[in-house]
Amino acid sequence: MIHAQVVGKAVATAKHPSLNGFKMLLCQQLDAEEKASGTPFVAIDLFGAGMHQKVFVSTDGIEARGIVHDDHSPARMFIQGVIDS
Amino acid sequence: MRIGQVIGKVTMHTQEDSLTGARWLLVNPVDTAQLNSCISRQPGLTSQPSLVVYDNLGAGEGDIIGFVEGAEATAPFEQPTPIDAISLAIFDTLHYEAPTH
């Protein structure tokens with residue numbers, strides 16, 4: 001599970017069919033002091049997370065395959081929850 | 001998934017049987033500073049190491065793609081296939097705003 005902040009969005013027409021209908025958000029990993037760490041990555045959004053909201057991102061591929069309902073999906077990162085405080 | 005630019009393709013004379021017919025792209029990960037301009041402009045090589053990515057979406061040179069590394073890259077295949085990175089999306093637009101505190 002990654003502590004991250006939503007920093008943008010991504011749109012793709014050509015994508016793996018299992019990702020159809022899912023919103024893709026750019027997420028920036030945060031370190032223990034809430035500073036940006038590494039390069040932003042793209043995660044599937046299930047909750048309608050907003051810009052600059054802090055989120056938890058799961059990196060579990062097995063869970064992600066369940067969420068997109070496709071056992072052969074290469075999906076991995078998805079937003080698991082939005083952090084209130 | 002991570003974001004990278006296709007900078008070339010790889011062709012192989014001899015390869016594992018399960019990989020026959022595969023397309024391979026040479027992908028350079030995009031840096032944070034390039035995220036907003038990489039779709040409209042050639043971002044240029046970054047210091048991040050380039051990697052070879054399996055592709056069946058039809059991405060071409062210059063395209064900005066999303067790719068996944070690790071065990072998930074083999075998920076689309078029925079048979080065990082030795083692939084470590086696969087393309088998932090060809091991006092039309094990317095919008096990035098620096099994180100706030």
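A polar contact here is a pair of N or O atoms within 3.5 Å, and within protein one has to be able to donate a hydrogen and the other to accept it. Keep that in mind for the views below, which all come from a predicted model.

**View 1. Polar contacts between chain A and chain B.** Going by that rule, 14 residue pairs are in polar contact between the two chains, with both partners at pLDDT 80 or more. On the chain A side, the elements that give two or more residues are strand 1 (2-15), strand 2 (23-29), strand 3 (41-45) and helix 1 (61-67). Sorted by type, the chain A residues that touch chain B come out as 16 nonpolar, eleven polar and seven charged.

**View 2. The salt bridge across the interface.** The rule picks up one salt bridge between chain A and chain B. Its partners are A:Arg76 and B:Glu72, whose side chains meet at 3.6 Å, N to O.

**View 3. Strand pairing from chain to chain.** Strand 1 of chain A runs antiparallel to strand 5 (residues 85-96) of chain B, and seven bridges join the two.

**View 4. The whole contact between the chains.** Here 34 residues of chain A are in contact with 30 residues of chain B. Interface size is often quoted as the accessible area lost when the parts come together. For chain A and chain B, about 2,500 Å² is buried between them, and 58% of it lies on carbon and sulfur atoms.

Technical notes. Residues numbered from 1 in each chain as written. Chains lettered and ligands numbered in written order. Predicted model: local features only at pLDDT ≥ 70, side-chain atom pairs only at ≥ 80, totals over all residues. Heavy atoms only, no water. Contact = heavy atoms within 4.5 Å. Buried area = accessible area lost by both parts, 1.4 Å probe. Salt bridge = Lys/Arg side-chain N within 4 Å of Asp/Glu carboxyl O. Polar contact = N/O pair within 3.5 Å; in protein donor to acceptor, adjacent residues only side chain to side chain. Helix = DSSP H or I, 4+ residues; strand = E, 2+ residues; numbered from the N terminus. Nonpolar A, V, L, I, M, F, W, Y, C, P; charged D, E, K, R; others polar. Pairing = 2+ DSSP bridges.
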